[in-house]
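The sequence and structure come next.

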Amino acid sequence: MEDQMVKVVGERFCVPYTMELVVKRKLQSFSKTLYEAFDATGNFLLQVDGGVWKFQKKRVMKDPAGLPVATLREKALSWKHQWMIHQGESSERNHFLCTVQKSNALRIKNNLDVFLGNQYKDHGRDFHVTGSFSSLSFKVIRANTVIAEVRHNFTWGSCKGKESFKVKVYPEVDYAFIVALLVIMNESDGP
């Protein structure tokens with residue numbers, strides 16, 4: 001299983017080496033938040049933005065050219081904070097990529113389960129995201145293998161609406177998918 005490519009958003013986001021990313025989150029205004037992903041040398045890779053105060057949260061991920069890569073939508077009134085990820089800006093069934101939801105709505109610890117495509121509830125989860133009680137750091141696990149790690153860097157900017165995350169994505173793992181999980185984990189951290 002170690003040599004299988006993990007592509008969810010797209011194969012172009014899978015590289016044959018361990019990739020180190022920095023993801024910056026900035027609250028731009030009372031109604032908008034922005035995530036930007038950079039590689040270790042500072043090259044801009046992805047941007048995720050969307051409104052904060054909407055009934056149904058929606059985040060659009062774009063590549064450096066500004067083209068939509070994926071759309072993340074929170075299902076309204078979902079007790080497990082369920083999110084759907086679609087290809088591009090679509091919400092069509094044939095562009096559906098995966099469902100992400102809290103493992104247990106009653107737990108304080110923020111764990112997520114990921115179900116690929118239309119396989120939701122047909123079999124067990126495809127990925128598990130497990131975080132800690134005290135920080136926004138987490139690991140993404142497929143079967144019993146860690147495929148990515150995210151570490152929250154707390155700074156004084158965190159108190160001002162600016163946060164930074166160090167992301168380690170292992171070889172042949174879709175880094176756009178991992179960034180999407182980071183956004184969902186961060187957005188699901190609230191009540």
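Strand S9 (residues 127-131) is largely enclosed by the rest of the structure, because four of its five residues are buried; buried means under 20% relative accessible area with a 1.4 Å probe, counting protein chains only. The model is predicted, so local features need pLDDT of at least 70 and side-chain atom pairs count only at pLDDT 80 or more, while totals for chains, interfaces and linings use all residues. Residues are numbered from 1 along each chain as its sequence is written, and side-chain values use heavy atoms, with hydrogens and water left out.

**Pairing around S9**
- Strand S8 (residues 112-116) runs antiparallel to S9 and is joined to it by three bridges; two strands pair if DSSP finds at least two bridges between them.
- In this pairing, Asp113 stands opposite His128 of S9.
- S9 also pairs with strand S10 (residues 138-142), in the antiparallel sense, over four bridges.
- Val129 has Val140 in S10 as its bridge partner.

**Whole chain**
- Read along the sequence, the order is β-β-β-β-β-β-β-β-β-β-β-β-α.
- The chain has 191 residues, and 50% of them count as buried.
- Its accessible surface comes to about 10200 Å², with 52% belonging to carbon and sulfur atoms; the area comes from the Shrake-Rupley method with a 1.4 Å probe.
- Among contacts with a separation of 6 or more, 36% are between residues 24 or more positions apart; contact means heavy atoms within 4.5 Å.

**Helix H1**
- H1 (residues 175-187) has 13 residues and reaches 18 Å from its first C-alpha to its last, close to the 18 Å expected at 1.5 Å a residue; the expected span is 1.5 Å times one less than the number of residues.
- 13 of the 13 residues of H1 are buried, so the helix is largely enclosed by the rest of the structure.
- Asp174 caps the N-terminal end of H1, with a side-chain oxygen 3.0 Å from the backbone nitrogen of Ala176.

**Nonpolar core**
- The largest nonpolar core has 47 residues, and Leu46, Met61, Ile85, Val100, Val167, Phe177 and Ile178 touch the most other members; such a core is a set of buried Ala, Val, Leu, Ile, Met, Phe, Trp, Tyr and Cys residues joined through side-chain atoms within 4.5 Å.
- H1 supplies the largest share of this core, 11 residues.
- Leaving aside neighbours within four places in sequence, the contacts of Val167 include Met19, Leu21, Val150, Ile178 and Leu182.

Definitions and conventions. Helix = DSSP H or I, 4+ residues; strand = E, 2+ residues; numbered from the N terminus. Polar contact = N/O pair within 3.5 Å; in protein donor to acceptor, adjacent residues only side chain to side chain.
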